[in-house]
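Grab a pencil and work through the exercises below. Try each task on your own before you read its solution.

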Amino acid sequence: MNVVETHGLTKNFVVYERNGLIRRTREVRTAVADVSFSVAAGEMVGYVGPNGAGKSTTVKILTGILVPDAGTCSVAGFVPHKRRLELARRIGVVFGQRSNLWWDLPLIESFDLLRHLYRVDHQKHQANLDECVERLALEDVLKTPVRQLSLGQRMRGELTAALLHGPTVLFLDEPTIGLDVVSKAAVRDFLADLNRDRNTTVLLTTHDLDDIERLCKRLLIIDHGTVIYDGGLNELRDEYEPYRTLVVDLVTSGSPLAIDGAETVKVDGPRQWLRFHRDRYSASELINRVGEVAEIRDLTIEEPDIESVVAKIYTRQT
Amino acid sequence: MLLDAHLILAGFRSYATYRAATIAGLFTNIVFGFLRGAILLAAIRQAGDIGGYSTTDALAYVWLTQGLIAVIAIWNWNELALRIESGDIATDLTRPIDPQRYWLARDFGRAAYALCIRGIGPVAVGFVLFDVTVPPDVWQWMSFVVSVALAVWISFGLRFIVNLAPIWLRDWRGALIVSNVLATLMSGFLMPIAWFPHWARVVMHALPWAGTTQAPIDVFLGKASGPSGIATIGLQAAWGFALFVCGRFALIAGTRKLVVHGG
Amino acid sequence: MSVQAEVSASWRAYRHLIGASVRAQMQFRTSLFMQMVASCALTATNFIEVLVIFDHLPMLGNWSAVEVAFLYGASGIGFGLCDMAIGSIERTGELVRTGKFDSIMLRPVGTLVSIAGSDMALRRVGGIAQAALVFVVASARVGIEFNVRNVVLIVVMIFGGTAIFAAVFLATAAIQFWMVGANEIGNALTYGGNYLTSFPLPVFSGWLRRLLAYVVPLAFCAYLPALAILNKPDELGIPAFLRYASPAVAAIVFLAAYGFWRLGVRHYRSTGS
């Protein structure tokens, strides 16, 4: 069953460019053009694209904030812009740079207030709260006013706030932006658990491709308002960057290795980098071949980072 | 001097970006001009002249004060206080320019922009639509211009000191509101100072707030001309200078506190 | 959901939001107290204006000092209550500009309730107290009889005023969906309206009176009901039954303003800015 479905979604904005004191020119800019995709229940999808590509416009349409100019969409069984208030109770939204919490009140009071706004039954609320508090380790800061929380604590608070009413879909916009490494890991672990245990569908917009790598099997890439890639992360790699790199630390420094099926791209003392095609050769095969000509002390295999993959798509598009 | 000119221009430009706010403010100032004018007019028509104000004086007074609001900006200016509260002031202190000079120059830029639209606008509306008192000669006009410039200086002096409050007070917004109330009451903005009882007049004329509003208007209407005009402008200059010196001491003390205690 | 259920749900949400806003402000008691005193002082300056004028003349038109004080008090209470209850919608343009309006749209609560409830200006209690004090003293001195009719009329005057001012606030906030950054444009009608209604209407003349008193029906905030309570003749020749029309007028303009607000939200949802 599809929890999110869009078909031919289009949104134009009219912008006025001022030239001179009074004269202005009217220009129609297409933010989202003919976007169609669907997300099945329990999927966790990364929504990626450069600034101004139309990511947040799509999210705003899906959450009922904006009315699309053309196309259809449904989220959790509702047409978002027609049933905004009902939809609100079935989705959770976290905007990384905007707070949904009450700045001057203790965290727990924000949660309590949200219970009333979302009209969540007391027991359900308490169960959700207990679970989030435990998993996100919020126990110690529940009585702290939000303004005194660290960014990481606040983001964990925001996540909790978005989940208290038990949404079926979670929209996350840059949930790890500005966080330190530890908090990022905590947030990612939590989201992975949430998706696994509760089968919550997650649509994740992010600049941090580590988020995607860690969390999403499927990826939607949008540029200039259109979806330019929809598929799995691994398939994306296969198509656009099918090479992996074997990094070997040899016992002795030497000249670049000449191994059949691999290209030695870099040498740094005893460490060498060998690039090979993921489909044509297996890593073990290659390791054996290296072992035949040199003594290996240590090795790692590097996957191409998704950033360069995405960059390739962009350049291929243009 | 070149530096100051640049700062003034920068101040002018940065305020010029708030176009919608400027138009909205202008609209509000004009509507209030009509309302206040109607009330003063009704009072004078019934009582004959009040405190030496004829109807033409009162209308000039109303529209000039409506124009001065944004120019002297004595209400609600908290740009510096917000920078101190947020800690951004640290960057200001690392610049190779004296902060007081920087903010003063910027404020003159702000005032110049305010004058162009929100200053001239209400005055133009009032002076075209109503029969108002106008200075009889060039000298009085020029004195008025000098007096308005001094009014901005005094207003800046007061605001600068109040805006340093967050260095010492957590409740600096309270201090700002106290300053707003005093400015409304004492400047001659609420009602011409001449309309107040004698004892209040004496107090109000002696304090710096009168220099921000009532003084330029007295000069404009010729209520302070000749020797009394010189005295009025002289008192403005004295207050401007005194406040500037106070601001300097406050800034030195404040900087020391920020540097020592790390804000 | 039926209209009735919707209204009651909104009301409950509003109460919870207000409660949170009050608790948040109570965290800074000293600050709140100072702001209340300041609010009181700022409203008092307007009353000082009245006092200064009547220092020079016994009557303004055919209105005495106490009668004007009565108007001033009624207008001040009505305006203060309204400003306290929904004054934070003044910030609509700012919310749109900073994108916070999006967060508000994501709540399962109406936008108006969400914004109005987000920041109840408790400090206004100071101004309301000042206006109330003036009103009580003026009522006692002006010699009205405290019978059922007059008490009802006073209540109607004050709450009718609150609702009409609320409509003005709402309509001027809605303009900000089209003119982001123009939050001051509302001040002309809100604070300007409060100023106007503090004085007898005949003081003003021409298009200004027609616009603010009848088009924006501020005449129904204090002036017309006060004529009924004080049993005064009207110089303007306004039909006498309109002295009792405040509640009906308030209901109509509030609904109209709410419709305009909805239009503003719809505009936002189609343009996103």
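**Exercise 1.** With which residue does C:Glu67 form a salt bridge, and how far apart are the closest N and O atoms?

*Before you start.* The model is predicted, so local features need pLDDT of at least 70 and side-chain atom pairs count only at pLDDT 80 or more, while totals for chains, interfaces and linings use all residues. Residues are numbered from 1 along each chain as its sequence is written, chains are lettered from A and ligands numbered from 1 in the order in which they are written, and side-chain values use heavy atoms, with hydrogens and water left out.

*Solution.* 
- Start with the rule: a salt bridge is a side-chain nitrogen of Lys or Arg within 4 Å of a carboxyl oxygen of Asp or Glu.
- The partner of C:Glu67 is C:Lys232, and their closest N and O atoms are 2.9 Å apart.
- Now place the two: C:Glu67 sits in helix α3 (residues 65–86) of chain C, and C:Lys232 in the loop between α11 (223–230) and α12 (246–271) of chain C, 165 residues apart. Helices here (H or I, at least four residues) and strands (E, at least two) are DSSP runs, numbered from the N terminus.
- Last, check burial. Buried means under 20% relative accessible area, exposed over 50%, and partly exposed in between (1.4 Å probe, protein chains only). C:Glu67 is buried at 14%, and C:Lys232 is buried at 9%.

**Exercise 2.** Which parts of chain A does the salt bridge of A:Arg198 and A:Glu131 tie together?

*Solution.* 
- The side chains of A:Arg198 and A:Glu131 meet at 3.3 Å, N to O.
- A:Arg198 belongs to helix α6 of chain A and A:Glu131 to helix α4 of chain A, so the pair ties together parts 67 residues apart in sequence.
- A:Arg198 is partly exposed, with 26% relative accessible area, and A:Glu131 is partly exposed too, with 27%.

**Exercise 3.** How many of the 13 residues of α5(A) are buried?

*Solution.* 
- Check the length first. The expected span is 1.5 Å times one less than the number of residues. For helix α5 (residues 151–163) of chain A that gives 18 Å, and its end C-alpha atoms are 18 Å apart, so the two agree.
- Eleven of its 13 residues are buried, so α5(A) is largely enclosed by the rest of the structure. Among them are A:Arg154, A:Arg156 and A:Glu158.
- The cover over these buried residues includes β5 (91–95), α3 (107–117), α4 (122–135), β6 (169–173) and α6 (181–198) of chain A.

**Exercise 4.** How many residues of chain C are in contact with chain B?

*Solution.* 
- Contact means heavy atoms within 4.5 Å. By that rule, 36 residues of chain C touch 32 residues of chain B.
- Next comes buried area, the accessible area (1.4 Å probe) that two parts lose on being put together, summed over both. Chain C and chain B bury about 3000 Å² between them, 78% of it on carbon and sulfur atoms.
- In chain C, the residues that lose the most area to chain B are C:His56, C:Glu184 and C:Tyr195, together 16% of what that side buries.
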